[in-house]
Amino acid sequence: MTTIVLITGASSGFGALTARALATAGHTVYAGMRETTGRNAPQVQAAADFSAEHEADLRAIELDVNSQDSVDAAVAQIHAEHGRIDVLIHNAGHMVTGPTEAFTPEQLAELYNVNVLSTQRVNRAALPNMRHRGNGLVMWVSSTSVLGGTPPYLAPYFAAKAGMDSLAVSYAAELSRWGVETSIVVPGSFTNGTNHFAHSGRPADQETVAEYETRYAGLMEQVSQKLAELSPPDANASMVSDEIARIVALPAGTRPYRVHIDPANDGSEAVAALSDANQVAFLNRVGLGDLLTVTPRA
């Protein structure tokens, strides 16, 4: 049976690469993106061209993760066409760069909306069908910044990613008795193959930015340069999409809970191993060890 996949934020970067990798592997992939008849119309055509060229089933679908109505409509369309979503991939996100103080609270709320609240909108639309069927896979594209090295001038993005990762951890336990698996994919700072830094948002308070420049002149450029230097020359964002495709292809019940793809090795993997082990030990201590293993549908 063909696997039906929905991925959010699939117009570019990790999302577009993952959609193509999964479609090439033989899955039916719905690449969620907003403004499919507007600014992302070229990406819709690119997906159609890819499908035709590779004889793959890659379908762009209108999905604005900031709108519950849009999310509900996209999920309802997939359910109407296939009756299910087998794999849900939370990939949508946005980055901002600059001194933290210079961002307004409203900007942080907007970033949290895109990176965290969006996953809740999609989950509320897609999870009931998965739970009632007793199977499925929810994948979360996290970040090594949650537990690894965190350079300055990226704090709002890091905080949002940490919020999303925390949701993923709790959801994993809450979905296990329903037979729904969780995999958390943790990319490092890829500067080749993505446009995160180039398209990142900037602080609204430029007066404060100017003040910080008197003490931290050129800091963001220094951070970007150092991150690029840490990565091996052959490190490319396709490493992330290839790993996601590998996980999806694994038999149900054998997929990893958390995997890191971090050529720069910022220390996240070691910290996550300790954190996840502590979670295992704690759930066992409180008599909830069964939540660590997905319960197959009876």
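## Helix packing and nonpolar cores

Helix α4 (residues 105–133) and helix α5 (residues 155–176) pack with their axes 8 Å apart and at an angle of about 20°, which makes α4 roughly parallel to α5, a label given to angles under 35 degrees. The model is a predicted one, in which local features need pLDDT of at least 70 and side-chain atom pairs count only at pLDDT 80 or more, while totals for chains, interfaces and linings use all residues. Residues are numbered from 1 along each chain as its sequence is written, and side-chain values use heavy atoms, with hydrogens and water left out.

The crossing of α4 and α5 is right-handed, meaning that the near helix is turned clockwise from the far one by less than a right angle.

The contact of α1 with α8 divides into 8 nonpolar, 3 polar and no charged residues.

| Helix pair | Axis distance | Angle |
|---|---|---|
| α4 and α5 | 8 Å apart | about 20° |

A nonpolar core is a set of buried Ala, Val, Leu, Ile, Met, Phe, Trp, Tyr and Cys residues joined through side-chain atoms within 4.5 Å, where buried stands for under 20% relative accessible area (1.4 Å probe, protein chains only). The largest nonpolar core has 42 residues, of which Leu-6, Val-75, Ile-78, Ile-85, Met-130 and Val-138 touch the most other members. Elements that each supply at least two residues of this core include β1 (4–7), α3 (68–82) and β6 (181–187), and α5 gives the most, with 8 residues. Not counting residues up to four places away in sequence, Ile-85 touches, among others, Leu-6, Val-75, Ile-78 and Met-130. A second, separate core of 31 residues includes Ile-7, Ala-21, Ala-31 and Ile-247.

In the loop between β5 and α5 lies Leu-154, which is buried, with a relative accessible area of 2%. Leu-154 and Met-95 are 59 residues apart in sequence and 7.9 Å apart in space, C-alpha to C-alpha.

How values were computed
Axes fitted to C-alpha atoms, helices over the stretch in contact; angles between N-to-C directions. Helix = DSSP H or I, 4+ residues; strand = E, 2+ residues; numbered from the N terminus. Parallel < 35°, antiparallel > 145°, perpendicular 65-115°, else oblique. Nonpolar A, V, L, I, M, F, W, Y, C, P; charged D, E, K, R; others polar. Buried < 20%, exposed > 50% of the residue type's maximum accessible area, 1.4 Å probe, protein only. Contact = heavy atoms within 4.5 Å.
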